[in-house]
Amino acid sequence: MKRISWDQYFMAQSHLLAMRSTCTRLMVGATIVRDKRIIAGGYNGSVSGGVHCIDEGCYIIDGHCVRTVHAEANALLQCAKFGVPTDGAEIYVTHFPCLQCCKQIIQSGIKAVYYANDYKNHPYALELFDDAGIHTKKVALTELSIDENYREKETYIQKLLKELERQTDDQENLQTLKAEADALFRL
Ligand SMILES: [Zn+2]
Ligand SMILES: [Zn+2]
């Protein structure tokens, strides 16, 4: 039996965390690993106890949602909160980190950044990582599959059902289809 690789395992964990994101503009997950052990995880979310973008809508300033703490920062802050050293650790992220997170990753002593998806990949971030001697590598999730855009799919199915509702005379069939959709997307 072939086991999944460490890279795939940690990246899968980050994808799972991304599904906990409370801001749908970008669902990101981050896992911090030291000596092949997960020491912290984070996702894009509001400060503890704050309202969620998925409930109240995003708080946009200059084209960015300012409500959330980024996944990478949340994972690092979890280490700070519980006193877990990050020096020499590695981070697995679903998306290439933004400039702010890059700087925080460098300052925390993390030595390697593995990312599943390119995301704007700021040239200054690459330069900073390079100067700091941080290893970066793209690690796509290939050995197992995680549905990353199930929310968009649910929205799409709901749209189709609304359209069908407008056009159909077959109420019974419509109710069956609605029940099937509900069963599929029940969380
Ligand atoms: Zn938001
Ligand atoms: Zn960020």
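How many bridges join β7 to β8, and do the two strands run parallel or antiparallel? Five bridges join them, and the strands run parallel. The model is predicted.

**Overall picture**

The chain has 187 residues, of which 27% count as buried. Its secondary structure comes to seven helices and nine strands. Along its principal axes, the C-alpha trace spans about 65 × 50 × 35 Å. Take the contacts between residues at least 6 apart in sequence: 57% of them join residues at least 24 apart.

An unreviewed entry lists residues 5-132 as "domain: CMP/dCMP-type deaminase". In the model this span is 37% helix and 26% strand. Its end C-alpha atoms are 27 Å apart. UniProt, again in an unreviewed entry, lists residues 150-177 as "coiled-coil region". That span is 89% helix and 0% strand, with its end C-alpha atoms 18 Å apart.

**The sheet**

Five strands make up an open sheet with mixed pairing. Their order is β2-β1-β7-β8-β9. β2 and β9 (135-138) stand at the edges. Each has a single partner strand, so one side of each is left without a neighbour in the sheet. From one strand to the next, the twist averages 20°.

Helix α1 lies across β1, β2, β7 and β8. Its direction makes an angle of about 145° with β1.

**The nonpolar core**

The largest nonpolar core holds 29 residues. Val28, Ala30, Ile32, Ala71, Ile91, Tyr92 and Val93 touch the most other members. Seven elements each supply at least two residues of this core: α1 (6-18), β1 (29-34), β2 (37-43), α3, β7 (90-95), α4 (99-107) and β8 (112-117). Helix α1 gives the most, with five residues.

Ala30 shows how these parts meet. Setting aside residues up to four places away in sequence, Ala30 touches Ser14, Leu17, Gly41, Gly42, Ala71, Glu72, Ala75, Ile91, Tyr92 and Val93.

**Helix α3**

Helix α3 has 12 residues and covers residues 71-82. It reaches 17 Å from first C-alpha to last, close to the 16 Å expected at 1.5 Å a residue. Ala71, Glu72, Ala73, Asn74, Ala75 and Leu76 are buried in this helix. Gly83 follows α3 with a positive phi, near 65°.

Why does Leu76 count as buried? Leu76 has 26 C-beta neighbours inside 10 Å, and 20 or more make a residue buried. Beyond its neighbours within four places in sequence, Leu76 is in contact with Thr86, Gln104 and Ser108. Leu76 and Ala30 are 46 residues apart along the chain, yet their C-alpha atoms are separated by 9.3 Å.

Ile106 is found in helix α4. Apart from residues up to four places away in sequence, Ile106 touches Leu128, Ala132 and Ile134. Ile106 and Ala73 are 33 residues apart in sequence and 12 Å apart in space, C-alpha to C-alpha.

Two residues in the loop between β8 and α5 (123-131) deserve a look: Lys120 and Asn121. Most residues other than glycine have a negative phi. Lys120 is not a glycine, yet it has a positive phi of about 65°. Asn121 is not a glycine either, and its phi is positive at about 25°.

| Residue | C-beta neighbours within 10 Å | Class |
|---|---|---|
| Leu76 | 26 neighbours | buried |
| Asn121 | 14 neighbours | partly exposed |
| Lys120 | 11 neighbours | exposed |

Asn121, with 14, counts as partly exposed.

Methods:
Residues numbered from 1 in each chain as written. Chains lettered and ligands numbered in written order. Predicted model: local features only at pLDDT ≥ 70, side-chain atom pairs only at ≥ 80, totals over all residues. Helix = DSSP H or I, 4+ residues; strand = E, 2+ residues; numbered from the N terminus. Buried ≥ 20, exposed ≤ 12 C-beta atoms within 10 Å, placed from the backbone. Contact = placed C-beta atoms within 7 Å. UniProt positions renumbered as here; feature names shortened; annotations may be inferred. Core = buried A, V, L, I, M, F, W, Y, C linked by C-beta atoms within 7 Å. Expected span 1.5 Å × (residues − 1). Pairing = 2+ DSSP bridges. Axes fitted to C-alpha atoms, helices over the stretch in contact; angles between N-to-C directions.
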